[in-house]
Amino acid sequence: MMEVLQFEFMQNALMAGLLASLICGIIGTLVVVNRIVFISGGIAHASYGGVGLAFYLGLPVLPVTTAFTVFAALIMASVTLRARERADTVIGVIWAAGMALGIILLDITPGYNVDLMSYLFGSILAVPRSDIWLMVGLAALVFVIIIAFYRGFLVMSFDEEFARSRGVPVDFLYFLLITMIGLSVVMVIRVVGLILVIALLTIPPFIAERYSRSLDTMMIVSTLLSAAFTVTGLALSYITDITSGAAIIAVASVCFFLSFLLPCKKNG
Amino acid sequence: MVEPVISIENLFFSFEGVPILEDVSLTVEQGDFLAVLGPNGGGKSTLLKLLLGLIKPASGTIKVLGQAPGHAGGRIGYLPQHTHVSTSFPITVLEAVHMGTVRPGFRGIAGLARTSRETEKAREALERVNMLDHAKRGLAALSGGQKQRVFIARALVSDPELLLLDEPTASVDSASRSSLFSLLTELNEEMTVVMVSHDISSLVSGVKSVACVNRSLHFHEAPELTGEMLQLSYGGEGDNTCPVELVTHGTVPHRVLGLHTEDLQGDGQSGEDES
């Protein structure tokens, strides 16, 4: 079993999984406590429009997808802030429109046929080294931003209205968070697929919240859980020869349901 | 002359074309304990948000502690409605109180560490609301009344001159409710307190004046119960407003009446005179 680690593709897969765990553990915690899972799902799916656009224009995929995704994310964020009442509807529309745009653009792109499945579930076993370095860069950026504004994110996430009443720049923090979600989603999607992104953003923080007494603990526990799910899923995928992304989600989902059986230690 | 803590003049506010507050004027003097009563949707919470600068009025002027709303920062202690805070958020009691030390603008949101001075302030605030023993506990494990005490501590940690409370006793059982009120009365010795409630039973001993808000605002300098207050709290028309819970307890005489002197045409609604 361990000899598999000699293969470069396996080393890359493991590193990509761990980096995705780190990014998703931190960002996912903020997604869960701010109750913005739906907008995150919208961002992840709308990013497919960026993929289509890149292939259609014949431009490099990563920069185009990043620009498109962050743009879509900021539209959703401003709708959420301005028209709270119908924000979920608008997000749902952008979610579907982005995906449809991606598929149409790929259809009319001559001579190119991208496998939709690889964007849904990713291809973690085919991650090139260059992507690993980009993920390292993004993880570092997320880390620095979170540390720089940790108090702000804490105060906003806990009680937005109180934060506003004290003059905390909540709108700035919110746009910053949404932008970080957009960047994270793009980076992680190529590796693990957009379905796995949502799973990694939500399942580990949800379980972690029940056993954490502070936001930073929750981030650390989420990252560790996420890493455990990824490694276990990869091993399972290697042994049984099932799709790696789906294996990771399966492990995470089983643990999600098992966590309800365990006592909640929080109420000490 | 001492400047009033709150002065509102000819305030109008509407939301999506529906008028919420019309021609509201109000002056709150230093040291007052004002209860703002009114039905749900009557504009009480809107008034509070206007005072905090969370929303802007259509017209009229508001001054809080001599400043425009939203500029007084930690000089105002604010207790939002209970429902705003997520119950499962991973945080200890002490950390929650710490949030009250946040400073406005970008200075307030930067960094990880807090000073030991801030921790000391947070512990003092917890001591004042009798919750210091629970400092290390998770907030989610506390009862409704205990949580409200923690949030009052969060409002107190910045040494405010004005305390604004939005429905402080909602979701609190009646035993903790009366102890919460005596805490507020105690705090009123040092600061001005404005409390919003839809519940007439919050007209307790400590309250010094009452404002009835239902689109318009009527100010009562003394906390005596009027027919209008009953109606605002319990609904019903004229004589039909006779809440059993007040009558059976017998603490409030049935026929306490106070007409709005400037609004006599509405007297048919506030009277039980014939009974």
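**Helix packing and chain contact**

Author: Ile195(A), Leu196(A), Ala199(A), Ile203(A), Phe206(A) and Ile207(A) of helix 10 of chain A meet Gly245(A), Ile248(A), Ile249(A), Ala252(A), Ser253(A), Cys255(A), Phe256(A) and Ser259(A) of helix 12 of chain A. Contact requires C-beta atoms, placed from the backbone, within 7 Å. This is a predicted model, in which local features need pLDDT of at least 70, side-chain atom pairs count only at pLDDT 80 or more, and totals for chains, interfaces and linings use all residues. Residues are numbered from 1 along each chain as its sequence is written, while chains are lettered from A and ligands numbered from 1 in the order in which they are written.

Reader: At what angle do helix 10 and helix 12 of chain A pack?

Author: The angle between helix 10 (residues 194-209) and helix 12 (residues 244-259) of chain A is about 25 degrees, and their axes are 10 Å apart. Helix 10 of chain A is therefore roughly parallel to helix 12 of chain A, a term for angles under 35 degrees.

Reader: Turning to the two chains, how many residues does each give to the contact?

Author: Chain A gives 29 residues and chain B gives 30 residues. On the side of chain A that touches chain B, helix 7 of chain A gives the most, with 5 residues.

Reader: And is helix 1 of chain B mostly covered or open?

Author: Helix 1 (residues 44-52) of chain B is mostly covered, with 9 of its 9 residues buried, that is, with 20 or more other C-beta atoms within 10 Å of their own. Lys44(B) and Lys49(B) are among the buried residues. Gly53(B), with a positive phi near 80 degrees, follows helix 1 of chain B.

Technical notes: Helices (H or I, at least four residues) and strands (E, at least two) are DSSP runs, numbered from the N terminus. A residue is buried if 20 or more other C-beta atoms lie within 10 Å of its own, exposed if 12 or fewer, and partly exposed in between; C-beta atoms are placed from the backbone. Axes are lines fitted to C-alpha atoms, for helices over the stretch in contact, and angles run from 0 to 180 degrees between N-to-C directions. Angles under 35 degrees count as roughly parallel, over 145 as roughly antiparallel, 65 to 115 as roughly perpendicular and the rest as oblique.
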